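Then step back to the whole chain.

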Amino acid sequence: MAHSKAVLVLENFIAGNFVPCSSYIDSYNPSTGDVYCRVPDSGKEEVEAAVKAAKNAFPIWSSKSPLERSQILNKLADLIEHDLEAFAQAESKDQGKTITFARTVDIPRAVYNFRFFASSILHHTTECTEMATMGCVHYTSRAPVGVAGLISPWNLPLYLLTWKIAPAIACGNTVVAKPSEMTSVTAWMMCKLLEKAGVPHGVVNVVFGMGTKAGEALVCHPDVPLISFTGSTLTAQRITEKSAPHCKRLSLELGGKNPAIIFDDADLAQCIPTTLRSSFANQGEICLCTSRIFVQRGIYSEFLKRFVAEAKKWKVGNPSDPTVDVGALISKEHLEKVRSYVKKAQAEGARVLCGEGVDSLALPAGNRKGYFMLPTVIAEVKDESCCMQEEIFGPVTCVVAFDTEEEVIERANSVKYGLAATVWSSNVGRVHRVAKRLQSGLVWTNCWLVRDLNLPFGGMKASGVGREGAKDSYEFFTEVKTITIKH
Ligand code: NAD
């Protein structure tokens with residue numbers, strides 16, 4: 001693949017310094033297919049240096065008061081916000097997402113992650129009990145754990161990385177972060193702001209590179225007692241195995257195969273646009289995206305007709321065009337994988353109602369080598385089909401009919417994943433009943449992706465281990481001790 005003229009070269013960020021690496025990986029612009037960036041191909045040596053820097057910084061950082069750390073986090077949030085447009089442009093170019101999505105979702109949320117944990121760290125309390133007959137008082141105290149290893153995926157690069165860095169350092173840990181090798185640019189840009197924000201050298205170290213090399217070196221490092229990982233279930237299994245000899249603390253946020261359940265009393269005027277977003281936002285590359293839509297039989301035909309007509313209006317094209325709704329998928333390999341699911345569905349007798357293989361995709365001349373795909377709606381897919389069981393992670397959604405509440409709960413639960421579900425109904429009793437029985441860490445009713453960061457986020461079954469949020473992240477990133485005083 002030809003290198004575009006000005007190739008950006010990233011460096012690792014260790015102990016407050018940008019450090020070159022002996023070898024590099026090519027990183028592609030998904031909307032053009034050009035190599036536009038070179039990412040350090042770090043390994044054991046670089047991870048060792050970063051862990052050492054994080055260990056050295058721990059005593060000072062962990063002894064700062066929550067208020068001092070909070071002020072630094074707020075300053076960092078302000079600095080990222082000041083450069084929001086530059087970050088959004090970079091995220092869009094690096095990941096393929098639309099500039100609109102990067103401007104309105106990714107970067108504002110990265111800013112908010114720092115602000116949120118800057119505030120929440122000031123408001124935790126610990127427990128205390130009294131045992132009068134024994135003359136004892138018991139209380140708990142919490143302390144940061146040490147060096148946290150943070151590994152993040154490519155779909156929401158800075159958003160998900162800062163969702164880990166912010167609570168980890170707010171609690172007084174120091175960190176070694178390893179962003180996805182496919183989307184490393186915004187993490188590197190953030191490193192440039194750390195000193196100005198007042199983050200002491202060594203508190204945040206970023207090592208770029210491959211998961212199997214840099215990621216695994218971090219997972220296996222004996223001085224990294226906790227790993228917070230967001231990515232695929234397969235990688236999580238590997239991380240669990242590799243970290244087992246060290247008995248590490250793990251937080252695992254993984255894949256999903258999320259159902260939307262639409263009852264015949266749903267408000268379709270709200271449900272249809274939201275379900276289009278939940279299926280196709282960020283090219284369908286969000287772990288929370290809907291990919292199985294169960295529609296009650298009485299409204300099935302009407303829903304399908306309106307849903308497909310609206311899906312066809314989603315504009316696919318150059319991500320930097322603010323009128324575009326769907327940008328490029330992350331890589332050529334991923335595009336091929338997503339397309340292969342559509343072919344498999346067709347081979348099994350399902351009907352592709354719009355998108356891949358049905359409609360034609362007109363792209364601007366500069367984007368013809370990019371990794372684009374039309375939003376695709378498939379109907380009449382069997383529940384056992386791989387399209388209804390496996391995470392596709394692209395702009396593909398399956399629509400099927402159901403008859404009863406009991407039946408749809410069983411079918412919605414019949415996958416290995418359990419991350420997020422949406423329920424559409426105007427019957428309050430039903431909404432509560434169904435939400436309670438769905439095997440899913442998050443259930444949204446009559447909405448999607450509305451988040452209060454105070455509350456737990458995470459998945460059941462193969463979608464994860466542990467939860468993140470104000471209290472959950474605080475508990476994960478601190479070690480609790482019970483102290484008993486006899487008087
Ligand atoms: P991935 O598992 O391939 O990679 C994630 C990260 O892990 C990357 O930084 C990668 O380099 C690293 N990695 C890979 N192999 C490793 C190893 N052996 N040891 C240590 N690190 C390793 O996932 P991806 O393709 O980047 O991301 C897509 C997946 O992430 C999807 O399954 C999606 O559902 C999931 N995801 C989940 C959430 C959530 O909050 N539950 C959020 C976003 C994405």
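The ligand takes up the space of the largest pocket. A pocket here is an open set of points on a 1 Å grid over the protein atoms alone, with protein on both sides within 12 Å along at least five of seven lines. A molecule sits in one if more than half of its atoms lie within 2 Å of its grid points.

This is a predicted model: local features need pLDDT of at least 70, side-chain atom pairs count only at pLDDT 80 or more, and totals for chains, interfaces and linings use all residues. Residues are numbered from 1 along each chain as its sequence is written, and side-chain values use heavy atoms, with hydrogens and water left out.

Now the shell. The ligand is surrounded by 29 residues, each with a heavy atom within 4 Å of it. Ser 152, Lys 178, Glu 181, Thr 235 and Glu 391 are the closest. By class, 13 shell residues are nonpolar, 10 are polar and 6 are charged. Asp, Glu, Lys and Arg count as charged; Ala, Val, Leu, Ile, Met, Phe, Trp, Tyr, Cys and Pro as nonpolar; the others, Gly among them, as polar.

Helix 7 has the largest share, 4 residues.

Look next at polar contacts, pairs of N or O atoms within 3.5 Å. Ser 152 places a polar backbone atom 2.7 Å from a ligand oxygen. Thr 235 uses a polar side-chain atom, 2.7 Å from an oxygen of the ligand. At Leu 254, a backbone N or O atom lies 2.7 Å from a ligand nitrogen. Of the 850 Å² of accessible area that the ligand has on its own, the protein covers 90% (Shrake-Rupley method, 1.4 Å probe).

Finally, the chain. It holds 15 helices and 23 strands, which are DSSP runs of at least four residues (H or I) and at least two (E). The C-alpha trace spans about 70 × 70 × 40 Å along its principal axes. The radius of gyration is 23 Å, which agrees with the value near 23 Å for a compact globule of 487 residues. That rule is 2.2 Å times the number of residues to the power 0.38, with the radius taken over C-alpha atoms.

Methods
Polar contact = N/O pair within 3.5 Å; in protein donor to acceptor, adjacent residues only side chain to side chain. 1 Å grid on protein atoms, 1.4 Å probe; cavity = no way out; pocket = protein on both sides within 12 Å on 5 of 7 lines; lining within 4 Å.
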